[in-house]
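This briefing covers a sheet, a helix pair and a pocket. Please read it beside the model.

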Amino acid sequence: MQYIREEDEQWMREAIAEARKAEAIGEVPIGAVIVHQGQIIGRGHNLRETLLDSTAHAEIIAIREASKQLEAWRLLDCTLYVTLEPCPMCAGALVQSRIPKVVYGTVDPKAGCAGTLMNLLQEPRFNHETVVLSGVLKEECAALLTNFFRKLRKRTAK
């Protein structure tokens, strides 16, 4: 059984705030933060449409910012909080950056690679495995996405 701590919810609320930034500019509302020693050192939200960049996922942007902040590509002693389960690309980047813990809000039934479709974060054949905690503020994270796509369908149906 997974134990969700109050601080996990606190940091997930910060990731949700990042997701709302994405939503405000018409992006799919996904947000991420990276925490090191009780401080956010990386923030990101989905920017694929804005940057016309398929790699501009919230996690990738947060990883880049955190790496600059720490002046290191290894993000040891860090935790990533993200509103949606990481996709294959992001899961791979998390393994490569050696992040020891990933906390996510809601599952991604189409591309989730932290346990839903597969689990790249805990693949024993890789040189790094990550602790995964899922379901933190799950309903709020899921509602962000559901509401966004509901509004999008209404706009395109007109």
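The points below are grouped by topic, after a note on the source.

This is a predicted model, in which local features need pLDDT of at least 70, side-chain atom pairs count only at pLDDT 80 or more, and totals for chains, interfaces and linings use all residues. Residues are numbered from 1 along each chain as its sequence is written, and side-chain values use heavy atoms, with hydrogens and water left out.

**Sheet**
- An open, mixed sheet is formed by 5 strands in the order β2-β1-β3-β4-β5 (strands are DSSP E runs of at least two residues, helices H or I runs of at least four, numbered from the N terminus; two strands pair if DSSP finds at least two bridges between them).
- β2 (39–45) and β5 (131–134) are the edge strands, each with a single partner, so one side of each has no neighbour in the sheet.
- β4 (residues 101–106) pairs with β5 in the parallel sense over 4 bridges, and V102 stands opposite V132 in β5.

**Helix pair**
- The axes of α1 (residues 6–24) and α5 (residues 138–157) come within 10 Å and cross at roughly 10 degrees (axes are lines fitted to C-alpha atoms, for helices over the stretch in contact; angles run from 0 to 180 degrees between N-to-C directions).
- That makes α1 roughly parallel to α5 (angles under 35 degrees count as roughly parallel).
- M12, R13, I16, A19, R20 and E23 in α1 meet E140, C141, L144, F148 and K151 in α5 (contact means heavy atoms within 4.5 Å).

**Pocket**
- The largest pocket holds about 420 Å³ of space (on a 1 Å grid over the protein atoms alone, a pocket is an open set of points where a 1.4 Å probe fits, with protein on both sides within 12 Å along at least five of seven lines; lining residues have an atom within 4 Å of a point; the volume is the space filled by probe spheres set on the points, which are joined across faces, edges and corners).
- Of its 19 lining residues, V28, I30, L84, D108 and F149 are the closest to the centre.

Conventions. Parallel < 35°, antiparallel > 145°, perpendicular 65-115°, else oblique.
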